[in-house]
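The following note sets out a few points for discussion on the structure shown below.

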Amino acid sequence: MSSVWKYVAYSGVIAISVVAPWALPAYQTQLAFLWVMVLLALTWDLVGGQMGYTSFGNIVFFGLGMYVTAVVQRNMHFGIEEYVHVAGAVETLTPQEYITGLFVGLGASGIAGVVLAGILGACLLATGMRGQYFGICTLGLGIAAGELASGWEYIGAGSGLVTPVFPEGLGQRGLFFYYIFFLLTLMLFLTLGWLYSGHFGLAINAIRDDEDKAEAMGIHTTRYKIIAWCLSAFFLSVAGGGVGHLVGFIDPTEVAFAGATFGVWMILMAILGGKGTLWGPVIGAVIFHFTQELFWTYLFGWQRVVMGAFIVGIVVFFPRGIMGWAGDRWPERFGHRTTG
Amino acid sequence: MSDSLLEVDGVTKRFGGVVANDNISLLVPEGGIVGLIGPNGSGKTTLFSSIVGYHPVDSGTIRFGGREITKLRVPQIARMGLLRTFQQTRIYREMTGVQNMQISVSQSSLSLRQMFSKSPPDVIERADHLLSFVGLFSKRNLLAGDLSFGQQKLLEFAMALMNEPKLLLLDEPTAGINPTLINGLIDRLLRSNAELGITLLVIEHNMRAIMRLAKHIYCLAHGQLLTAGTPDEIQNDPRVIDAYLGGS
């Protein structure tokens, strides 16, 4: 694709994205979630696709961000005791208070995500855990996090945590969060695009293809692995913080550490679109989100069965994803060249 | 002794009850080409792995460029300029030839900014140059995994050169390569030694190849150092012939 067409296409996507919530006001929340899905798929693919470390526990960072943002905002404006017991309904915040609390909370959740990823990275990645062992270990982390949150009174334990009521002066909640997620995803996409085109991208691809060889060539494998993992955790935590406020209620296992839904979906979306590519997770997330909404709307009652069949179909017919399939079919345009 | 780039002194490596390397000592002079031969299972690759830090040795020391590296780990040793290639060729399969080369630049002098930016033009230029050197320039945009085995071996060799090592440990560079290509490969190995100044330590089963390459040869058998000498001495040593043909 020539660079002119590339810019036209990019501007088109951005223009549609900016206008979409105004054109479809009834679907603002769903559209906001569309960006969340894209973000989930992209953050998963950074470590799971580009670096080849299949993680089943990225949901940990999502839930962590959700709780950190909510707790920071709560502690800034309310007494903990009164808040927990009347579940947030003490008083509504002014728009100013809400915004300050939210953004301080999102910042804190980003930092918390990076710190946790650093610690986990030092325990798992720096010690050389790989392959299935890494996958199973992260799966355990996701489940453990949900259990811990369910038993901790300070964050509402099993009965969850209600986030502050969205103040009236800020317009519609869906619209507000739509733009937050849109900007966050755009930032993530540009960051990844930049990283994948340089030495960093080659290094994590090398780790994916043959980590022993990468070590034998002197590549700082541990450094790259932890940076990738922290970067993924940062965006995931901030997104989690936003989702908690958009949903309005944080349940420890159904919303925050929702391994069976968001935790699995982020992997599926990346695989559907084509893992290890920049556009694959984006395309996968869009298709998945629309399909899922359609199933829930038109096949209600059977939606989980159909979703299961859809997932099987993805894995069987598109093992390398849409981008992988397109690359095989039109190698000149989407994939590598087959002749010199 | 001070002109030795690599000094292996009394290295012993056991795997459970099996002694894979028993008190092995060898010297690789700066700028030289040294051969390492021996029948299958004689401990050549184990010695390579010990030298590059892949596993800890049970006793003995390894010095590289005057500095002890016995306890260092693989990436640290690699960044000092001591590199190995693998018997089972290892390249980055899902990346193109050029990308394989780009990521193989020496990592020791890489600044934080370079870790996150695109490869500078001189890196691409050198990658193209080395790919033509091994005859893979026309295949540089193919995925490395789609290359034939022989081509992958050449790519791995080019990747090693890209790293600009001081010492290169080659594990059977001619295995699986057709006889016509072998001559070309030996020429390139000699040229990398003469023109790029890379010291070579080569494991080889192809006797004709190693006799052409090396000026000094060590022969292992059953984990022990059997003998060492010039190619002529080795060729005429009855113990070497016995070891290979199972006489003793």
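1. In this predicted model, helix 2 of chain A and helix 13 (residues 280-298) of chain A have axes that come within 8 Å and cross at roughly 140 degrees. Angles over 145 degrees would count as roughly antiparallel; helix 2 of chain A and helix 13 of chain A are therefore oblique to each other. Their crossing is right-handed.

2. On the side of helix 2 of chain A, the residues that meet helix 13 of chain A include F33(A), L34(A), M37(A), V38(A) and D45(A). Helix 13 of chain A contributes, among others, P281(A), V282(A), V286(A), F288(A) and E293(A). The residues of this contact comprise eleven nonpolar, four polar and two charged.

3. The largest nonpolar core contains 171 residues, and L39(A), F181(A) and A158(B) have the most contacts inside it. Helix 2 of chain A (residues 28-50) supplies the largest share of this core, with 15 residues.

4. Leaving aside residues up to four places away in sequence, F181(A) touches A32(A), W35(A), V36(A), L39(A), A239(A) and G242(A).

5. As to the contact between the chains, 30 residues come from chain B and 24 residues from chain A. On the side of chain B that touches chain A, two or more residues each come from helix 2 (74-79), helix 3 (97-102) and helix 4 (112-115) of chain B. Helix 2 of chain B gives the most, with four residues. This side of chain B is made up of eleven nonpolar, twelve polar and seven charged residues.

Notes
Residues are numbered from 1 along each chain as its sequence is written. Chains are lettered from A and ligands numbered from 1 in the order in which they are written. This is a predicted model: local features need pLDDT of at least 70, side-chain atom pairs count only at pLDDT 80 or more; totals for chains, interfaces and linings use all residues. Two residues are in contact if their C-beta atoms, placed from the backbone, lie within 7 Å. Ala, Val, Leu, Ile, Met, Phe, Trp, Tyr, Cys and Pro count as nonpolar, Asp, Glu, Lys and Arg as charged, and the others, Gly among them, as polar. A nonpolar core is a set of buried Ala, Val, Leu, Ile, Met, Phe, Trp, Tyr and Cys residues joined through C-beta atoms within 7 Å. A residue is buried if 20 or more other C-beta atoms lie within 10 Å of its own, exposed if 12 or fewer, and partly exposed in between; C-beta atoms are placed from the backbone. Axes are lines fitted to C-alpha atoms, for helices over the stretch in contact, and angles run from 0 to 180 degrees between N-to-C directions. Angles under 35 degrees count as roughly parallel, over 145 as roughly antiparallel, 65 to 115 as roughly perpendicular and the rest as oblique. A crossing is left-handed if the near helix is turned anticlockwise from the far one by less than a right angle, and right-handed if clockwise.
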